[in-house]
Amino acid sequence: AIKHSRDSRNPTTHPSTRMAPTTLFATVGLSGLTAVIAGRNVKVDLQALETEGAAAPCSDNSRLCLCNTQPISSLPLPRGPGITLGIGTKMTFYITGPAFDALKMTKQHIPDINAVYGCKEVYPSDKEMMKTVTCYTSYETTEGSMSACFVDKKYEDGVPAALGIPEEFAPTILKCFENEDQSKIFGYFHVPFSTPGLRMNDLVSYCVPKPKTKRTDRYMCEWKPAACATRKLDKNDALEAECTKTDSKGGGPRWVDTRICMCSQHMKLEKCMHRLPEDTVMGKPWALRSLRMNEKQR
């Protein structure tokens with residue numbers, strides 16, 4: 001069996017610990033291991049070796065790890081305040097050893113950080129390294145390939161303190177599931193999760209991030225008119241007039257709730273989440289799968 005060490009602070013070269021007598025040295029890249037045996041380059045499939053590192057827990061010495069978290073309400077970043085999700089959300093992202101070490105420092109109250117964040121060492125193929133990510137480092141935030149985020153940049157110690165979120169897992173919209181039946185969609189919400197005047201957190205089991213929704217099926221879209229911030233709209237007619245400013249051409253039934261100054265309208269999901277005029281809405285709208293919320297939650 002071929003064994004190799006993993007000094008992951010060097011992104012390209014790792015000396016082997018024990019090889020056949022004719023072996024001179026070995027190098028490891030993100031997509032595989034190349035051993036020089038008897039003067040010839042031999043490409044070795046890391047997965048075929050079934051080395052312990054293929055599924056090893058992430059550590060501060062790891063070159064690159066993939067994390068699939070339990071529901072978390074916020075995600076610390078190498079720089080800045082981090083991402084506030086507002087409700088338990090299952091996140092997927094890549095992280096380097098130094099950034100993982102910094103993550104542990106911010107979550108010292110969690111006994112087993114890997115149990116919550118589910119981070120394992122990975123060795124992406126060259127094709128996978130071309131996937132687009134939002135790359136967070138200690139000094140900048142950029143969008144580009146995984147290779148540009150984790151490999152191409154020049155760092156003093158060889159391994160950047162970087163965290164990359166793939167574009168398909170970008171936390172722009174949250175798709176949330178019911179607490180009583182986790183197979184059923186509860187609704188869609190903007191990040192961070194917020195439903196002013198309503199108690200919805202206990203109704204949600206967990207959420208998953210969505211970069212943008214293009215779904216055209218109809219949901220119950222709910223929002224607060226911008227006028228609610230400056231006026232008391234305690235009459236149905238006055239509130240209805242403000243709701244109409246947001247969706248003047250909307251068909252189907254509309255409800256208003258003067259207790260919390262809120263409009264409700266059946267409409268296409270993508271319209272609710274992306275096409276309502278921002279200057280007529282206070283905060284962000286949200287979309288519920290059920291036709292009407294239980295009145296007890298008002």
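The model is predicted, so local features need pLDDT of at least 70 and side-chain atom pairs count only at pLDDT 80 or more, while totals for chains, interfaces and linings use all residues. Residues are numbered from 1 along each chain as its sequence is written, and side-chain values use heavy atoms, with hydrogens and water left out.

Start with the sheet. Strands of a sheet pair through backbone hydrogen bonds, either parallel or antiparallel. Here an open sheet of 6 strands runs in the order β8-β4-β7-β11-β9-β10, and the pairing is antiparallel. The edges are taken by β8 (119–121) and β10 (141–145); each has a single partner strand, so one side of each has no neighbour in the sheet. On average, neighbouring strands of this sheet are turned by 30 degrees against each other, direction ignored. Such angles are taken between axes, which are lines fitted to C-alpha atoms (for helices over the stretch in contact), and run from 0 to 180 degrees between N-to-C directions. Strands (E, at least two residues) and helices (H or I, at least four) are DSSP runs, numbered from the N terminus. Two strands count as paired if DSSP finds at least two bridges between them.

Strand β4 (residues 65–68) pairs with β8 in the antiparallel sense over 3 bridges. Within this pair, C67 stands opposite C119 in β8.

These two cysteines lead to the next topic. A disulfide is a covalent bond between the sulfur atoms of two cysteines. In this model, a disulfide is a pair of cysteine sulfur atoms within 2.5 Å, and the structure holds 7 of them. One of these joins C67 to C119, with an S to S distance of 2.0 Å. The link of C67 and C119 has 110 degrees about the S-S bond and is right-handed. Both C67 and C119 are buried, where buried means under 20% relative accessible area, exposed over 50%, and partly exposed in between (1.4 Å probe, protein chains only).

Another disulfide joins C58 to C65, S to S 2.2 Å. The torsion about the S-S bond of C58 and C65 is about 90 degrees, so this disulfide is right-handed. Both C58 and C65 are buried.

A further disulfide is formed by C135 and C149, whose sulfur atoms are 2.1 Å apart. C135 lies in strand β9 (residues 132–136) and C149 in helix α4 (residues 146–152), so the pair ties together parts that are 14 residues apart in sequence. Both C135 and C149 are buried.
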